[in-house]
Amino acid sequence: MKIKPENRFWIGIYGFTAFIMLVAMSVFGRLAWTSRSEPGVGRVAGGRIAASAPSPLPDESYELLAKFEAPEYLPEPRAPKTFLAAMAQYRKQDYAGAASALRTITDAQPDFPAARFYLGISLLLSGDRISGIQELRGLTESGGSPYLERALFYLAKGLIAEHDLPRAQRQLEDVIARHGDLEKQASVLLGQIRAS
C-alpha cells in the first residue's frame, strides 16, 4: 500500500502523539507501582498509615514493641538558646511543649538535625505519631546526619505503633547494616517482630 505524500504529515503527527501518550502512560504506571511501597504519610492530613497486610497481633503487642524511653539529650555545641530552652522542656518530659518549641526552630532552620531529631521524638512521645514519623523520615532521607542511626531506629518504633511492620522491619534492617550503637537493640526488636 502506497501512502500519499499529503497524508504522511498527518500520519507523523498521529504517530508522534501516540508515542507521547505511551511514554506518559508508562511513567504514570511506574509512579503508581512504586507509590505502593511508599507509606503515604502526609498525603492526607491526619491520615493513618495503612499496614500492608492485616496482622494477627493484638494491639497490646504493637504498643509493647513500639514503647520506648526518650533518648537522652546529647548537648549540641553552639546550640541556640531557643534550642536549649526546648531541650529543657524535653528533659522535664514535657514533650508537647518541647515539640512546639522545636517546631519553631525547625521551621526557621530546617537543616538543624538535632532539632529535627528531638522534634520527631517529642511528637511520637506526645501522641502525634504521624507527624513524628514524617519528621524522622525527613531526617533519614536527608542523608549523612549524625542522628541518622537513631532516627532510623525511632522511625521503626513509630511505624510499629502504626501497625506498619513491613516498613518498620526495613528501618531496623538499615540500623543493623550500619553496625552502630543501636545494632543490638535493632536485632532484638527485629527478632521480636518476626517471632510475633
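Begin by selecting the buried residues of helix α6, which are I130, S131, G132, I133, E135, L136, R137, G138, L139 and T140; keep in mind as you look at them that this is a predicted model.

Now widen the selection to the whole of α6, residues 129-141. Because 10 of its 13 residues are buried, this helix is largely enclosed by the rest of the structure. What do the buried residues of α6 pack against? To see these partners, colour α4 (95-108), α5, α7 (148-161) and α8 (165-178), against which the buried residues of α6 are packed.

Next, consider the length of α6 from end to end: at 1.5 Å a residue, its 13 residues should span 18 Å, and since the C-alpha atoms at its ends are 18 Å apart, the model agrees with that expectation. Just after α6, select G143, where the backbone takes a positive phi of about 100°.

From there, move to helix α5, residues 113-125, and pick out S122 within it. Is S122 buried or exposed? Its relative accessibility is 0%, so S122 counts as buried. If you leave aside the neighbours within four places in sequence, you will find S122 in contact with Y90, Y95, A98, A99 and L102.

Finally, turn to helix α1, residues 5-35, and select F16, which has its place there. Because its relative accessible area is 55%, F16 is exposed.

Methods. Residues numbered from 1 in each chain as written. Predicted model: local features only at pLDDT ≥ 70, side-chain atom pairs only at ≥ 80, totals over all residues. Heavy atoms only, no water. Helix = DSSP H or I, 4+ residues; strand = E, 2+ residues; numbered from the N terminus. Buried < 20%, exposed > 50% of the residue type's maximum accessible area, 1.4 Å probe, protein only. Contact = heavy atoms within 4.5 Å. Expected span 1.5 Å × (residues − 1).
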